[in-house]
Amino acid sequence: MNISVWFRVIRIKFLLASVISVSLGLAISYWQTRSIDIVSSIITMGGVIALHSSVDLLNDYWDFKRGIDSLTKRTKFSGGTGVLPEGLLKPSSVYFAGMIFLMLGSIAGAYFVLFHGWIIAIILGFAILSIYFYSTKIVDSGLGEVFVGIKGAMIVLGTIYIQTHQIILVNILSGIIAGTLSSFVLFLTSFPDHDADKEKGRKTLVILLGKNSASKLFWIFPGITYGIIITGVTFGIFPHYCLISLGSIPLLVKSGKKISFSLDQSEKFESIMKSSILFSRITGLLFVLGFVLSFVNNS
């Protein structure tokens with residue numbers, strides 16, 4: 001078994017989004033209560049990573065079965081992993097692995113349902129159904145970006161609830177930030193796949209609006225993110241250290257200036273995807289750091 005091929009099909013670099021969301025939930029939990037359940041934290045992280053791996057594996061399987069991967073031009077950030085078109089793994093193996101990860105994540109979630117009740121059950125139920133149907137029903141209905149946004153928010157809310165049994169404004173707003181950053185990545189990486197996705201019946205936001213119109217939405221995602229952070233700090237919902245998240249602005253400006261001129265230039269657009277993904281991850285990490293700095297400096 002070639003481990004590197006499996007890492008490739010699981011898309012290790014994209015798992016960081018879920019790792020950041022769980023880390024954000026844990027940082028906020030400690031900021032609120034000054035305590036953390038280590039065992040629950042480990043199970044949460046493992047379960048979320050398993051569920052994220054599942055959706056990526058099943059997405060690769062269904063894109064191959066539908067012939068989408070044979071039409072896309074693969075880049076480092078879009079067009080699928082290329083593992084199945086290149087014959088590096090059997091489609092049945094990828095599907096089976098996706099279901100195994102879904103089962104493992106579900107078991108972790110079921111453990112928390114036993115101890116934390118119906119709220120976790122709702123989150124788990126949403127995760128299982130949406131992961132299994134993401135690459136067919138959800139994306140075909142034009143709800144991919146919405147699903148990813150809700151997924152990111154629920155990871156944060158679920159992580160905090162497991163630790164604190166609370167759903168309060170700071171938790172909700174933080175979840176929206178995490179979800180918006182994840183949706184932004186999906187939105188940008190769907191531009192190069194526009195033609196192949198459209199031919200095979202997918203309905204991404206880029207397909208629904210068209211490339212030119214969709215490119216004008218570039219600033220909406222970071223606008224929501226920064227707007228919530230600044231408003232949250234202004235009204236004392238977030239610690240003032242969270243303003244450190246604004247340190248990612250240069251990456252955003254670098255991408256935003258070029259997008260409308262690079263829609264049909266693959267090399268230039270790949271650099272836009274790279275800096276936009278960096279923007280998303282760095283903003284998320286800096287937001288986590290804001291909470292960490294707050295409880296470290298006030299301890």
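**Cavities, pockets and cores**

Guide: Start with a lining sorted by class. In the second largest cavity, the lining has 4 nonpolar, 4 polar and 1 charged residues. Keep in mind that this is a predicted model.

Visitor: Which residues line the second largest cavity?

Guide: Ala17, Ile20, Ser21, Ala178, Leu181, Ser182, Ser280, Arg281 and Gly284 line it. Now look for the elements behind them. Helix 2 (16-33), helix 7 (169-189) and helix 13 (266-297) each give at least two residues to this lining. The volume of this cavity is about 70 Å³.

Visitor: How many cavities of 30 Å³ or more does the structure hold?

Guide: It holds 2. The largest cavity has about 380 Å³ of space. Its lining counts 26 residues, and Val48, Leu51, Ile123, Ala127 and Ile155 are the closest to its centre.

Visitor: Which helices each supply at least two residues of the lining of the largest cavity?

Guide: Helix 3 (38-65), helix 4 (91-116), helix 5 (118-140) and helix 6 (144-164) do. By class, 16 residues of the largest cavity's lining are nonpolar, 9 polar and 1 charged.

Visitor: What about pockets? How do I read those?

Guide: A cavity is a space from which the probe cannot get out, while a pocket is open. Read it in the same steps: volume, lining, elements, classes. The largest pocket has about 790 Å³ of space. Its lining has 41 residues, and Arg11, Asp56, Asn59, Leu186 and Thr189 lie nearest the centre. Two or more residues come from each of helix 1 (3-10), helix 3, helix 5, helix 6 and helix 7.

Visitor: How do the residues of the lining of the largest pocket divide by class?

Guide: There are 13 nonpolar, 13 polar and 15 charged residues.

Visitor: Where is the centre of the second largest pocket, in terms of the closest residues?

Guide: First its volume: about 270 Å³. Of its 17 lining residues, Phe191, Pro192, Asp193, Lys211 and Ser266 are the closest to the centre. Helix 8 (194-199) and helix 13 each supply at least two lining residues. Helix 13 gives the most, with 4 residues. The classes are 7 nonpolar, 4 polar and 6 charged.

Visitor: Now the packed parts. Which residues have the most contacts inside the largest nonpolar core?

Guide: Phe238 and Phe291 do, in a core of 39 residues. Helix 2, helix 6, helix 7, helix 11 (220-234) and helix 13 each supply at least two residues of this core. Helix 7 has the largest share, 9 residues.

Visitor: What does Phe238 touch, not counting residues up to four places away in sequence?

Guide: Its partners are Val170, Leu173, Ser174, Ile177, Ile228, Ile229, Gly232, Val233, Phe287 and Phe291. Another core lies apart from the largest one. This other core has 12 residues, among them Trp6, Ile10, Leu84 and Val94.

Visitor: How do I read one side of a helix?

Guide: An α-helix has 3.6 residues a turn, so residues three or four places apart point the same way. Take helix 1. Its residues Val5, Trp6, Val9 and Ile10 are buried. These residues lie on the same side of helix 1 because they cover an arc of only 135° around the axis.

Visitor: What covers the buried residues of helix 1?

Guide: The cover includes helix 3 and helix 4. Then look just past the end of helix 1. Arg11 has a positive phi there, about 60°. Arg11 is also one of the residues nearest the centre of the largest pocket.

Notes: Residues numbered from 1 in each chain as written. Predicted model: local features only at pLDDT ≥ 70, side-chain atom pairs only at ≥ 80, totals over all residues. Heavy atoms only, no water. 1 Å grid on protein atoms, 1.4 Å probe; cavity = no way out; pocket = protein on both sides within 12 Å on 5 of 7 lines; lining within 4 Å. Points joined across faces, edges and corners; volume = space filled by probe spheres on them. Nonpolar A, V, L, I, M, F, W, Y, C, P; charged D, E, K, R; others polar. Core = buried A, V, L, I, M, F, W, Y, C linked by side-chain atoms within 4.5 Å. Buried < 20%, exposed > 50% of the residue type's maximum accessible area, 1.4 Å probe, protein only. Contact = heavy atoms within 4.5 Å. Arc of directions from axis to C-beta.
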